[in-house]
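Subject: Two-chain model, interfaces

Hello,

Here is the structure you asked for. My notes on its interfaces follow below it.

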Amino acid sequence: MKNPDTLEEAPAIDDSRIRLVDRVAIRFAGDSGDGMQLAGTQFTNTSAIFGNDVSTLPDFPAEIRAPAGTLAGVSGFQIQISSDDIFTPGDRIDALIAMNPAALKANLADLAGGGILIVNSDEFTPANLKRAGYAENPLESDLLADYRVHQIPITTHTVEAVKEAGLGSKESARCRNFYALGLVFWLYDRPLETTQNWIRRKFGKREDIARANELALHAGYNFGETAEMFALRYRVEPAKLPPGRYRNLTGNQALAIGLVAATRLAKKTLFYGSYPITPASDILHVLAGYKHFDVRTFQAEDEIAAVCSTIGAAYAGAIGVTASSGPGIALKQEAIGLAVMTELPIIVIDVQRGGPSTGLPTKTEQADLWQAIVGRNGECPVAVIAPMSPADCFEAAIEAVRIATRFMLPVMILSDGYIANSAEPWRVVKAADLAPIEIRHATNGGDFKPYQRDDHGSRPWAIPGTPGLEHRVGGLEKAAITGNVSYDPDNHQRMINQRADKIDRIAHEVPPQAVFGDTTGDLLIVTWGGTYGAARTATQRLQAQGASVSHAHLRWMNPFPANLGEVLGSFKHVLVCELNMGQLQTLIRGRYALDAEGLHKVKGRPFMVSEIVDAAERVLKAPSKSTGTHKSNGGVA
Amino acid sequence: MSAPLTLKDFKSDQEVRWCPGCGDYAILSAMQKALADLGVSRENTVFVSGIGCSSRFPYYMNTYGFHSIHGRAPAVATGVKCANPELDVWVITGDGDGLSIGLGQLVHAIRRNLDFKIILFNNRIYGLTKGQYSPTSETGKVTKSTPDGSLDQPLNPLTVALASGATFVARCVDADVKHMQEVIARAAAHRGTAFVEVYQDCNVYNHHAFEYATDKKQRPDHLLYLEHGKPMVFGAGSDRGIRLDGLRPVVEKLDNGNQDGLLKHDESVHDPTLAMFLARMKHPEFPEPVGVLRAVSAPTYERRLMAQVQAAVEKRGNGDLDDLFNSGDVWDAK
């Protein structure tokens, strides 16, 4: 392999030093300002283009710049790359790059025994050690005895390497993330081209900075090659992904692209009304760049205006979408009720984060399920879909628009902080292969009835500007058929029933619940949303051990698929794993009257595979329950 | 082309359910007459309201209508206009809906200069919840919720609108229907956010709150009918005027009708100072101005939004889904 032409040739590689492995998990960790997210993203993209399956977990503080060198300011980016299918960023990491003492302290516990630890020794000063809370220098103690430690003065090397670019000392030192990245590229035998091209695109206008970053990248790479510090290098061969074209997408990117696609499939305009909130803001950022698709983005003054503008846009005939996270969804709930009452199709995205209240803004959680399904005044059902992975957000967005416009109601998309920021390969689809979304606007004048239902139970979508269809809608209860204000008791009951009926009908529009593994057995692991990967990997592991374990992952949370009761009732045990204190578990118990057990975790982090394996093994060892009870109750709705 | 529409064509089939004698009836009638006179089409007209007595208004207009939630009508209207800038959109709100729970939405809609018309029915009381004081009630107002008198200073709807950068600000009173129609017609003709305050009598919970301004005998002495380019003259016999003394307006008795030295109204001046001090003139020290305080031209939000869309299409071509899907770093798996 040769280095790019602008730089001197690297020595030829001795292949005997490279060991083939199936997968590795790496974490870059440093101060918030150290550029760790960038280094992680570059490693991800290079590996994906190389052909590996990838799964990532960015983990960053809520503060933009917490005090330098403190634990509060540590920013991490974990990535697992594999030569076969993977679903998680990995439980334990094989290599940790710690750019300062705080990063070491915050991340060391996740490093597997015997793992590679690369530290920037320049930063292990008495002041930084104190900020990180180290009484003594861990590099000089036996704390790190279990690891393969490589102390490298990364800052010093970087400043020296980029001298010829002519930057100041501070700017020179800022290139150290590229030095670290270059070193890790060497260690895992990755090509530099992707990052090199990115640097040129990104810093094209600042030739000196582009040059410096390139120099740092190559210096790190060459250091690995020449220092003889590392006994071995590792290579992960390309994965056998189904043939096709791929690109990496985060969940937020996939939602944005999916919404644009859905709008085109419906031949409509996309209106996106939103108020900035972590971790949902990126959807607004991405969509604001798609104006050439007639995407109209509106940064509202608050969450309430965001959702209300979305309702107004839907009323006027656009595909109206708003997004937020838990605290903002709470503010939007009254207006979502208005959309339920006026039966207008809007999409509400909830990128869940740790709660309650402001909670953990940058950490993931699944504790908004109840808020999504029942968190409004009155009997106020909305449809809820939860994408299972970053790439699945694309499909979920299209399904949400299809269902919202077919049944004339709000659809909530429950994403989460993990899905939103993680990346995975998305198999690029062809626009022509996507099914159109049929929209039928009311056109008949004369005897127009705004609440006359069609064979989906939906009222007509009659948009202003259409002659003869002038009508009034609003939050007061509507009379069936005419839509006039009605306080009639029987009418209220009837309308409540009709709105609920639309949700029930959706259950027959969505695919039946699939099961991974046998459709009967000892244990069914049940998950939803971003916990898919860990649960699927755990199930594979348990099945490989011979256990009678299957996995059912729910995407439609309201309504549940029509056959879910039957699926659940076919197992001796049901274990619901979720990042909350048992919200789906309670819904399943209530709906199907079966004794579902739960694995709950609210630590702001995704499940580890081992946590699910351990919980499943505990359940399997427990005294067996009567299967008959489950079976007989399984179909009860 | 069918026959021109009349007032009757703008009446919906719904029974009007305001209290008998409510000032809202006059506003409804003035609106229906004004729209008929303007020759607007019903299908392109949308009334959006929040919550409160005034917000039932859309149900009585035979146009498109949206009775939304408390305080949020400007936000709903924003979405309507962004989705379809061609529609004529009216926002109906009140002093509680627009200045209390919905103040944030009102201010931000105005500052964006969306092309819709906001009619704020000010009756200085909460009517639908049966008579609590409102953000425009005078300090010391005794109501069910303030038996010992309210403590808050009232908000002035016009200064709120002006401070938000409103490009059109006007006021009228429910008792002067003909003038109200003129103001509504002026608002309709404005391109941008038009803000109109209507003094409206709640004859059940706050009867005669504006008697000084609505009673036929008192009206000439207490209202200043603004006319662009004309000296500011008022009073039963046009015997008084407004003069500027330093930075303060003063009332001046005219000497044999001599209007020299009186302040001339200029609604088109971009600087809001004149409009602001007119808005601050309060009874009984001053006559209260009615008519158009300010009408200036500025680009509207939705036009600029559509211009950005247009510019993006011109620069990058009409978006192509396959290009979008294949953008960024892509690779092929064999």
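How much area is buried between chain B and chain A? About 5400 Å², of which carbon and sulfur atoms give 61%; buried area here is the accessible area (1.4 Å probe) that two parts lose on being put together, summed over both. On the chain B side, Tyr64(B), Phe325(B) and Trp331(B) lose the most area to chain A, together 17% of what that side buries.

Some ground rules before the rest. This is a predicted model, in which local features need pLDDT of at least 70 and side-chain atom pairs count only at pLDDT 80 or more, while totals for chains, interfaces and linings use all residues. Residues are numbered from 1 along each chain as its sequence is written, chains are lettered from A and ligands numbered from 1 in the order in which they are written, and side-chain values use heavy atoms, with hydrogens and water left out.

Chain B against chain A

The contact (heavy atoms within 4.5 Å) involves 60 residues of chain B and 74 residues of chain A. Between the chains there are 31 residue pairs in polar contact, both residues at pLDDT 80 or more. A polar contact is a pair of N or O atoms within 3.5 Å; within protein, one must be able to donate a hydrogen and the other to accept it, and residues adjacent in sequence count only if both atoms are side-chain atoms. The chain B side divides into 26 nonpolar, 21 polar and 13 charged residues. For these classes, Ala, Val, Leu, Ile, Met, Phe, Trp, Tyr, Cys and Pro count as nonpolar, Asp, Glu, Lys and Arg as charged, and the others, Gly among them, as polar. α10(B) supplies the largest share of that side, 8 residues; helices (H or I, at least four residues) and strands (E, at least two) are DSSP runs, numbered from the N terminus.

The chains also share 2 salt bridges (a side-chain nitrogen of Lys or Arg within 4 Å of a carboxyl oxygen of Asp or Glu). Arg112(B) forms a salt bridge with Glu301(A), with the closest N and O atoms 2.7 Å apart.

There is strand pairing as well: β9 of chain A (residues 244–250) and β12(B) run antiparallel over 4 bridges, where pairing requires that DSSP finds at least two bridges between the strands. Arg247(A) has Val330(B) in β12(B) as its bridge partner.

Within chain A

The domain assignment (automatic or from a database) gives domain 1 (15–236), domain 2 (247–433), domain 3 (441–506) and domain 4 (521–634). Domains 1 and 2 of chain A bury about 920 Å² between them, 52% of it on carbon and sulfur atoms. Thr56(A), Phe60(A) and Ala62(A) supply 41% of the area that domain 1 buries there, more than any other three residues. The rule finds 1 salt bridge across this interface; Lys363(A) and Asp59(A) form a salt bridge, the closest N and O atoms being 2.6 Å apart.

Within chain B

Chain B is assigned domain 1 (7–230 + 265–305) and domain 2 (234–263). These bury about 840 Å² between them, 72% of it on carbon and sulfur atoms. Asp221(B), Phe277(B) and Phe286(B) lose the most area on the domain 1 side, together 48% of what that side buries. Asp221(B) also meets Arg240(B) in a salt bridge (2.6 Å, N to O).

Regards
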